[in-house]
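Colleague: I would like to learn how to read a few features of a model like this one. Could we take them one at a time?

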Amino acid sequence: MEPAPGPQEKYHLITRNLQEVLGEDKLMAILKERELKIYWGTATTGKPHVAYFVPMSKIADFLKAGCEVTILFADLHAYLDNMKAPWELLELRTRYYENVIKAMLESIGVPLEKLKFVRGTDYQLSKEYTLDVYRLSSVVTQHDAKKAGAEVVKQVEHPLLSGLLYPGLQALDEEYLKVDAQFGGVDQRKIFTFAEKYLPSLGYAKRVHLMNPMVPGLTGSKMSSSEEDSKIDLLDRKEDVKKKLKKAFCEPGNVENNGVLSFIKHVLFPLKSEFVVLREEKWGGNKTYTAYEALEKDFAEQVMHPGDLKNSVEVALNKLLDPIREKFNSPELKKLTNAAYPNPSKAKPAEKGTKNSEPENVVPSRLDIRVGKVISVEKHPDADSLYVEKIDVGEPEPRTVVSGLVQFVPKEQLQDRLVVLLCNLKPQKMRGVESQGMVLCASSVGEPRQVEPLDPPAGCCAGERVYVEGYEGGEPDDELKPKKKVFEKLQVDFRISEDCVAQWKQKNFLTKLGRVSCKSLKGGSIS
């Protein structure tokens, strides 16, 4: 029998892989006296996806540290958040969450008997709790309530009063669940600091707050229930898992906003204390990593190929999902799933005269693509495989672009070269350097991979607009919103023609001087 961990070891287990802890001294003081009481809450809204394994693996850590853990199914919160869960579906979705969260915990070996499961409506409709909601509303300003919920509550043009109540209820949960600490994502930080400010005004103690980092989705942005391409559903078939991982953002050498690497770091490593990358013998055979940092270093230095990483995550992830799929294959849980999340395509059509939202117009003119001139190419200070290019696009200051293009085009050939730059992507930090655009390139279909920057017609000047034939009149978006995936939807139909011309749906990329092309990659893709 292993000896019980001491306070320092417990502290390490509780805080490892967290982004931030508010109240570290208080946490250590409690651990020196007794076991920590902690809760994690989840609003019963959209279907849980694989990113939920991140808090699940931390719950496993909490139990190893001897904590008393409560899981709250926040059904009332789901309704208050702009009715993300309609009242008539609230009970069904809460039952779905209870079943799927328990199945996830069992799949990673967490003993359910050591956990306490509570629904929000079990106590949030009591006389005492309701009175405290009124007491809190008499001291909280509208400004503070709105600010606290800004990262969590759905933001709409005409906010409902319910969204202002949400942070207050979450703060009161800490008192009514009788815990020392609350655990959540770093997106909850403003609610946590709101609770620290206002609970003492009702005579209640300030709690410790533990925050996980937000794990990037497969597209590089936050993994979200409402974004189909950004997440893998817990009940997805194996072929769907393979398809989504194949499309996942996992650029060679790029460890920033890499959802595949993040999943390994925050889920697979904590569960097994190692990760095996599966490779064919000709590429060196399987490699076992016992420290995540070594894996990240190999990937950053391009010792590890993205394809091998994705295949290995696919195998490990399916091992976690198999028992969940099996459990939800029962007739009872199939019926529950369909009732809690009815297929929108089977919904009744809107009555005549009711207002429907217009489908978004995804057209090439929304992309701000310009001719750019490469002014300088310098090695990235923190990444051997990346370079920092300064590119003139006709603005007062050149744009900074981080890429791995030098792997395919010698540095001296890039200097003073005209390229085609996508300018209205949201700026993104890559190993500490903000990248303000993307050089569009042709890529070969087969192996070995070949890449060629797109070439504007001779005689073009930096800053000239590049457009798709027939779409020269539209105005580009100021900034492409990552959640809308405008570029990704258009990129699906980008191709290099048989005469090496860049096209979208057989329509040419043009400038006022003629067609945009590449040197030799006929039939290639564009990215």
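**Reading a helix, a sheet and ring pairs**

Modeller: This is a predicted model. We can start with helix α8, residues 161-176: its 16 residues reach 23 Å from the first C-alpha to the last, close to the 22 Å expected at 1.5 Å a residue.

Colleague: Which strands stand at the edges of the open sheet?

Modeller: The order is β17-β16-β23, with antiparallel pairing. β17 (451-453) and β23 (525-526) are the edge strands; each has a single partner, so one side of each lacks a neighbour in the sheet. Two bridges join β16 to β23, and Ser-443 stands opposite Ser-525 in β23.

Colleague: Why is the pair of Tyr-52 and Tyr-97 called edge-to-face?

Modeller: Planes over 60 degrees apart count as edge-to-face. The planes of Tyr-52 and Tyr-97 are at 70°, with ring centres 6.4 Å apart, so the pair qualifies. The two residues are 45 apart in the chain, with Tyr-97 in helix α5, and both are buried. Tyr-471 and Trp-504 also form an edge-to-face pair, at 5.5 Å and 85°.

Colleague: Is Trp-504 buried or exposed?

Modeller: Trp-504 is buried, at 5% relative accessible area, whereas Tyr-471, at 24%, counts as partly exposed.

Methods. Residues numbered from 1 in each chain as written. Predicted model: local features only at pLDDT ≥ 70, side-chain atom pairs only at ≥ 80, totals over all residues. Heavy atoms only, no water. Pairing = 2+ DSSP bridges. Helix = DSSP H or I, 4+ residues; strand = E, 2+ residues; numbered from the N terminus. Expected span 1.5 Å × (residues − 1). Phe/Tyr/Trp six-rings, centres within 6.5 Å; stacked < 30°, edge-to-face > 60°. Buried < 20%, exposed > 50% of the residue type's maximum accessible area, 1.4 Å probe, protein only.
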